[in-house]
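Good morning, and thank you for coming.

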Amino acid sequence: MMRQIRINADSGYFYRLRGIAILSVAYAHSLSISSYPLNGITKLLAVIGVPLFLICSGYFFKHSDEGLKEVLSKKIRTIVMPWLIWGLVAFVLECCRGAYEPSCGQLIRFILGNGTWLYYVPVYLTIYFLYTAVHCDKLDRIVIILFIVSNIITWYSEVSLFPDYLTCYQNPLNFIGYFAIGQFLRKNSVLQNAVPQKAVWGGGILLLLYSSILVILRIEITYFNPLVIVYELLAVFVILIIANKCSIFTFLESFGRKSYIIYFFHMQWGIAISNRLFAFACCENELIMFLTKPFVVVSITFIIAKSIELIINKIGLSKLLSYIGL
């Protein structure tokens with residue numbers, strides 16, 4: 001009898017997925033490794049986060065019975081307000097250190113993610129409201145086609161139509177396919193079905209071999225490279241299974257529960273503090289940095305977020321938590 005693995009897709013499972021995703025984001029931003037192949041492996045780990053976040057979001061998306069006004073109100077409170085508040089704070093900090101000139105134009109571009117890590121929020125919101133507005137049984141198939149075409153054009157085209165206003169990272173079509181995959185997983189109850197153990201082992205071995213080829217051949221690792229998209233899909237398949245077995249790693253679930261505010265804080269707080277810690281420890285070994293620094297960055301940021309939450313609860317302003325991403 002063929003052995004099978006059944007996923008327990010409860011809320012803890014999805015928080016673990018988000019915890020893995022935010023660690024991937026930390027790999028993308030906190031490490032600067034010169035040696036190869038370690039640099040290539042770092043980049044492979046770094047491109048998993050955004051697809052995972054969007055797959056989780058797509059999985060939970062449903063057309064609500066609430067009116068558009070109620071949907072907008074909820075998203076403004078839980079997504080838009082934290083984005084605008086922490087985006088403004090981040091911009092002020094960047095201006096203080098001389099990275100930007102203080103102006104309305106620069107502020108808008110910064111918050112919209114033009115050259116900054118904040119691009120994810122407007123990309124997500126655009127995808128979410130597209131799915132909210134369009135009621136079409138074939139929408140998932142259409143956006144998958146648009147996703148493939150958009151990434152091919154992005155990868156092979158050397159001309160950007162709006163370089164000062166819309167980078168390839170700000171183009172929702174370059175990421176919308178992952179949201180559609182999340183929808184597919186939910187509509188077809190994929191995560192409720194048992195997975196043959198041979199398929200899991202086969203997927204893991206294939207991922208290892210394919211990743212090795214990308215690193216050995218020094219393929220450029222970026223979201224928009226079709227070869228890397230294949231890797232991302234393989235990685236997601238394996239992670240969906242691994243997350244089921246990671247319930248003992250409670251820190252992943254904790255990170256996932258605070259992933260939104262960690263996303264805003266990690267660049268200017270988590271990384272800055274961890275840089276000082278590693279400098280104080282005189283640690284310059286790239287392997288040690290690779291193995292530990294992203295975890296340190298996310299842990300520091302989590303502690304800051306948790307402290308803010310405790311203080312706000314202590315002073316009786318818990319109603320404000322959703323407005324700041326908590």
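**Surface, cores and backbone**

Helices here are DSSP runs of H or I with at least four residues, numbered from the N terminus. Before I go on, please note that this is a predicted model, in which local features need pLDDT of at least 70 and side-chain atom pairs count only at pLDDT 80 or more, while totals for chains, interfaces and linings use all residues. Residues are numbered from 1 along each chain as its sequence is written, and side-chain values use heavy atoms, with hydrogens and water left out.

Which residues make the patch? They are Val 89, Leu 93, Trp 269, Ile 273 and Leu 277, and the patch covers about 380 Å². A patch is built from residues with over 30% relative accessible area and no salt bridge; nonpolar side chains (Val, Leu, Ile, Met, Phe, Trp, Tyr) are joined within 5 Å, and like charges within 9 Å. A salt bridge is a side-chain nitrogen of Lys or Arg within 4 Å of a carboxyl oxygen of Asp or Glu. Accessible areas come from the Shrake-Rupley method with a 1.4 Å probe, and for residues only the protein chains shown count as cover.

H12 gives the most to this patch, with 3 residues. Leu 277 lies in H12 and is partly exposed, at a relative accessible area of 45%. Buried means under 20%, exposed over 50%, and partly exposed in between.

The largest nonpolar core has 86 residues, and Leu 17, Trp 83, Tyr 131, Phe 175, Tyr 231 and Phe 264 have the most contacts inside it. Such a core is a set of buried Ala, Val, Leu, Ile, Met, Phe, Trp, Tyr and Cys residues joined through side-chain atoms within 4.5 Å. Apart from this core lies another, of 9 residues, including Tyr 27, Ile 33, Ala 46 and Phe 290.

Finally, the backbone. A cis peptide bond, with omega about 20°, joins Tyr 36 and Pro 37. Pro 37 sits in the loop between H1 (11–30) and H2 (38–46).

Arg 218, which is not a glycine, has a positive phi near 55°. Arg 218 belongs to the loop between H9 (197–216) and H10 (226–242), and is exposed at 56% relative accessibility. Cys 282 also is not a glycine and has a positive phi, of about 55°. Cys 282 is in the loop between H12 and H13 (286–314), and is exposed, with a relative accessible area of 66%.

Notes: Helix = DSSP H or I, 4+ residues; strand = E, 2+ residues; numbered from the N terminus. Buried < 20%, exposed > 50% of the residue type's maximum accessible area, 1.4 Å probe, protein only.
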